[in-house]
Amino acid sequence: MTDTLPPAAPQPLEKEDDGYFRKGCNPLAQTGRSKLQNQRAALNQQILKAMRMRTGAENLLKAATNQKVREQVRLELSFLNSDLQMLKEELEGLNISVGVYQSTEEAFTIPLIPLGLKETKDVDFSVVLKDFILEHYSEDSYLYEDEIADLMDLRQACRTPSRDEAGVELLLSYFIQLGFVESRFFPPTRQMGILFTWYDSLTGVPVSQQNLLLEKASILFNIGALYTQIGTRCNRQTEAGLQSTVDAFQRAAGVLNYLKETFTHTPSYDMSPAMLSVLVKMMLAQAQESTFEKICLSGIQNEFFVLVKVAQEAAKVGEVYRQLYMAMNQEPVKENIPYSWASLACVKAHHYEALAHYFTATLLIDHQLKPGSDEDHQEKCLSQLYDHMPEGMTPLATLKNVHQRQRLGKSHLCRAVTHHEESVREASLCKKLRNIEVLQEVLSAAHQRSRLKYTQLRDDYDLLSLIDVPDIISKTEREVEIIPPQFSKVTVTDFFQKLGPLSVFSANKRWTPPRSIHFTAEEGDLGFTLRGNSPVQVHFLDPYCSAAVAGAKEGDYIVSVQDVDCKWLTVSEVMKLLKSFGQNDIEMKVVSLLDATSSMHSKCATYSVGMQKTYSMICLAPDDEENTDKTKRISKKLSFLSWNTNKNRQKSASTLCLPSVGVRVVGPPVKKKLPSPFSLLTSDSSLY
């Protein structure tokens, strides 16, 4: 007798519409998934309304003193609570609507559980960002209307991502873009007044905060949820499809685990550390289940060593689902996990434990140890199948004794039938699972197969001869693992890069308003050198030159020359631009960094996604005592056409800048000895 699981013939996938408004987004696609998401959004609004009415009724109950009014309010509260419970049960029904997310192939497989996307409200960035650009960066905010519109369009597109890699890249690009936006417009010392509202994916309860971290965390959750939807959509009748399923669920686990470790104080239930831990376990369990299906895809050969391997692989799947079921029934996640999810985890735990005992029974009953067989190998495999042999049995004696093999095999079959009956019973107790036809068919077929095999071998003395068999030791050759998110693979351009390099022009910096410096180069001598990377700084300023008299200071950042934006220009490019004007009058706009001294000793702990943590910059002006002593010994005036190209890595505290004002020179500067440009030059400086 040979038991095999033949693979089903693969069928071609249906092609979806490729018309996107933005790559990775298709808001008008009328798919079952999009309709389900629309129902979720409508339910969220109804839950919000019911919660507000319940809150009002509770407040009225506290304030009312008339007994009749209190009784009427209590009656209304009971109706509101029942309505709210019905709405949450309806939302749970959407969460278990796994059939909508499954592959279009007709597969005889147990459905996988996807996560639904979190819903949000519209957010208007325009007013707040325009005000901040004018106030903090002293620039015309209307020049950035297109960039603000692009940001809002990208956010809107992320509400309806396509269920493929393009949709994942769309969400990742917005997540990374939020890192730039946070650095540009969200100082840690104040709230910006933008209210972000996201609905809990499991309970529908809205959460609102003026914190960009809620936005970033919710986008990360949706990336993980989208990976689960991609995994359930893959064709599980092909090896490539199963590999894609495993990969998708491992990536979903990686994103959710990253969310748990990075954003530890999210107020939403579905993003709490305890809930995310359970969701990570669920993703890894489904990846392990798909790995088992991949092993069984080509059919299970009825050979001793193959059956040992398959039995232990099935035991591994049953074990991870048993652990998942226990985690789902722990506080505080027990109240918010859909009951149907916990029931399905319990069903799968019993189902795969039954398969492990069934395959063990098959290898014991259908295979006899014949002369010339590899006794040592079979004995080793059988001993590794249990943590201990049943009482009175040894591996080699059991292999050689036909009666003992039959007795142990029938005991495993009896255990398999028991687990199958329990899985069928658990599935029948949950209304949502009873409506999943393919689940009922798979459980019934596996149950009937074990019962049939046991019926063929059963005799009248089984009740006395059957033994209590030990559990099968779980083992897998393909352990699933968490794949962390790879943000570096998505190339994103900062929408607001016109504001200047983020190392200087960010919300965490504080500088003076732009000052206009009018000066001329006397006989080709500018009177100062330049240093740093973009943007460049004024360095070694001659206090008697026209630029110094006009108000320039050492350490000033050059933002423009003759209305040419210089924020992104290098030292050589700014030098070439300045020299091009010859003896003509030059208008140069500069800004001065404030609080540089205090920032020299303090580190900035603001987190920006996709970038390394950077620390406060040290002011590059030569104000230390050692350098001052050196400059005091120099009295000869030298040429100021030297340009220092030291790289500038600056970071300082956030505050608001003052409104732009004109600079008026009150009087000539105090005379002092001129420092030599050669006294402080380093090895990577350039002298022109």
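Guide: Happy to. Keep in mind that this is a predicted model. For a cavity, begin with the residues around it: the largest one is lined by I113, M282, Q286, Y321, L324, M328, W341, L344, A345 and K348.

Visitor: What is the volume of the largest cavity?

Guide: It comes to about 50 Å³. Searching the whole structure for cavities of 30 Å³ or more turns up one.

Visitor: Which helices each supply at least two residues of that lining?

Guide: Those are α9 (273-295), α10 (304-328) and α11. The biggest contributor is α11, which puts in four residues.

Visitor: And how do the lining residues divide into nonpolar, polar and charged?

Guide: Eight are nonpolar, one is polar and one is charged.

Visitor: Let's stay with α11. How do I read its packing against another helix?

Guide: Look at the distance between the axes, then the angle, then the handedness. Helix α11 (residues 339-365) and helix α16 (residues 437-457) have axes that come within 11 Å and cross at roughly 30 degrees. An angle under 35 degrees counts as roughly parallel, so that is how α11 and α16 run relative to each other. As for handedness, α11 passes α16 in a left-handed crossing.

Visitor: Which residues of α11 and α16 meet?

Guide: On the α11 side you have L344, V347, H351, L355, Y358, T362 and I365, and they meet L439, V442, L443, A446, R449, S450, K453 and L457 of α16. By class, this contact holds 10 nonpolar, three polar and two charged residues. Notice L344: it takes part in the contact with α16 and also lines the largest cavity.

Visitor: What about α9, the other helix you mentioned? At what angle do α8 and α9 cross?

Guide: Roughly 165 degrees, with the axes of helix α8 (residues 239-262) and α9 coming within 9 Å. Anything over 145 degrees counts as roughly antiparallel, and α8 and α9 are therefore a roughly antiparallel pair. Here too the crossing is left-handed. The contact of α8 with α9 includes 14 nonpolar, eight polar and four charged residues.

Visitor: Let me try another pair. How far apart are the axes of α6 and α7?

Guide: They are 10 Å apart, and helix α6 (residues 165-185) packs on helix α7 (residues 212-233) at about 165 degrees. So α6 and α7 are roughly antiparallel to each other, and their crossing is left-handed. From α6, the contact uses E165, G167, V168, L171, L172, Y174, F175, L178 and E182; the partners in α7 are L212, L213, E215, K216, I219, L220, N222, I223, L226, Y227 and I230. Sorted by class, the residues of this contact are 14 nonpolar, two polar and four charged.

Visitor: Now the backbone. Where should I look for cis peptide bonds?

Guide: Check omega at the prolines. Another cis bond runs from S534 to P535, with omega near -5 degrees. You'll find P535 in the loop between β4 (529-531) and β5 (537-539).

Key: Residues numbered from 1 in each chain as written. Predicted model: local features only at pLDDT ≥ 70, side-chain atom pairs only at ≥ 80, totals over all residues. Heavy atoms only, no water. Axes fitted to C-alpha atoms, helices over the stretch in contact; angles between N-to-C directions. Parallel < 35°, antiparallel > 145°, perpendicular 65-115°, else oblique. Left-handed = near helix turned anticlockwise from the far one by under 90°. Contact = heavy atoms within 4.5 Å. Nonpolar A, V, L, I, M, F, W, Y, C, P; charged D, E, K, R; others polar. 1 Å grid on protein atoms, 1.4 Å probe; cavity = no way out; pocket = protein on both sides within 12 Å on 5 of 7 lines; lining within 4 Å. Points joined across faces, edges and corners; volume = space filled by probe spheres on them.
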